[in-house]
Amino acid sequence: MEHEDDRRGLLLAEQERIAARVTKLERDIAALTSARRSSVDDDEHDPDGEPLSARWSLLAGLLESARDDARQAAEAVRRLDAGAYGVCVACGQPIPAGQLDVRPFRERCVACTP
Ligand SMILES: [Zn+2]
């Protein structure tokens, strides 16, 4: 099961990377939120030129997608534990390794991906 161990290591490393991204974005948003609070009247006139509200929307979007990645990563690890990793949830066929290399958290084969 050496290959599966490799896969687990890869998934866990990726999961860790995603968790770090979520943490960083949460921190950035918290910092920005307090910056907005301290300059309520100046929301759209940030001295750096970029409106804080636009930056906040950007970060919130990134955080949402990072959390989604984290959810998929956790799900992939769970499937690996259950012995169901790499099997398409839609058609039940094994997902080609090449597709998993590109997207390790993929739960459907390319043919079943909407
Ligand atoms: Zn499929």
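What share of the contacts in the chain between residues at least 6 apart in sequence join residues at least 24 apart? The share is 53%, where a contact means heavy atoms within 4.5 Å.

Before going further, a word on what you are looking at. This is a predicted model, in which local features need pLDDT of at least 70 and side-chain atom pairs count only at pLDDT 80 or more, while totals for chains, interfaces and linings use all residues. Residues are numbered from 1 along each chain as its sequence is written, and side-chain values use heavy atoms, with hydrogens and water left out.

**The overall layout**

The chain has 3 helices and 0 strands, and its pattern along the sequence reads α-α-α. Helices (H or I, at least four residues) and strands (E, at least two) are DSSP runs, numbered from the N terminus. Of the 114 residues, 26% count as buried; buried means under 20% relative accessible area, exposed over 50%, and partly exposed in between, with a 1.4 Å probe and protein chains only.

Leu52 belongs to helix H2. The C-alpha atoms of Leu52 and Arg36 are separated by 7.0 Å, although these residues are 16 residues apart along the chain.

**The nonpolar core**

A nonpolar core is a set of buried Ala, Val, Leu, Ile, Met, Phe, Trp, Tyr and Cys residues joined through side-chain atoms within 4.5 Å. The largest one here has 20 residues, and Leu11, Tyr85 and Phe105 have the most contacts inside it. Helix H1 (2-38) and helix H2 (52-81) each supply at least two residues of this core, with the largest share, 8 residues, coming from H2.

Not counting residues up to four places away in sequence, Tyr85 touches Arg7, Leu11, Ala76, Arg79, Leu80, Leu100 and Pro104.

| Residue | Relative accessibility |
|---|---|
| Arg7 | 7% |
| Leu52 | 9% |
| Cys88 | 2% |
| Cys109 | 9% |

**The zinc site**

Which residues hold the zinc ion as protein donors? They are Cys88 (SG), Cys91 (SG), Cys109 (SG) and Cys112 (SG), lying 2.3 to 2.4 Å from the ion. Donors are N, O and S atoms within 2.8 Å of the metal (3.2 Å for Na, K and Ca), and sites may look incomplete since water is not among the atoms. The 4 donor atoms subtend angles of 103 to 118 degrees, so the arrangement is tetrahedral; four donors count as such if all angles lie between 85 and 135 degrees.

The donor residues are spaced C-x2-C-x17-C-x2-C in sequence. Cys88 lies in the loop between H2 and helix H3 (97-102) and Cys109 in the segment after H3, so this pair ties together parts that are 21 residues apart in sequence.

UniProt, in an unreviewed entry, places the feature "zinc finger region: dksA C4-type" at residues 88-112; its annotations may be inferred rather than shown by experiment, positions follow the numbering used here, and feature names are shortened. Over residues 88-112 the chain is 24% helix and 0% strand, with the end C-alpha atoms 8 Å apart.

Terms used. Four donors count as tetrahedral if all angles lie between 85 and 135 degrees; four count as square planar and six as octahedral if opposite donors are over 155 degrees apart and all others between 65 and 115; anything else is irregular.
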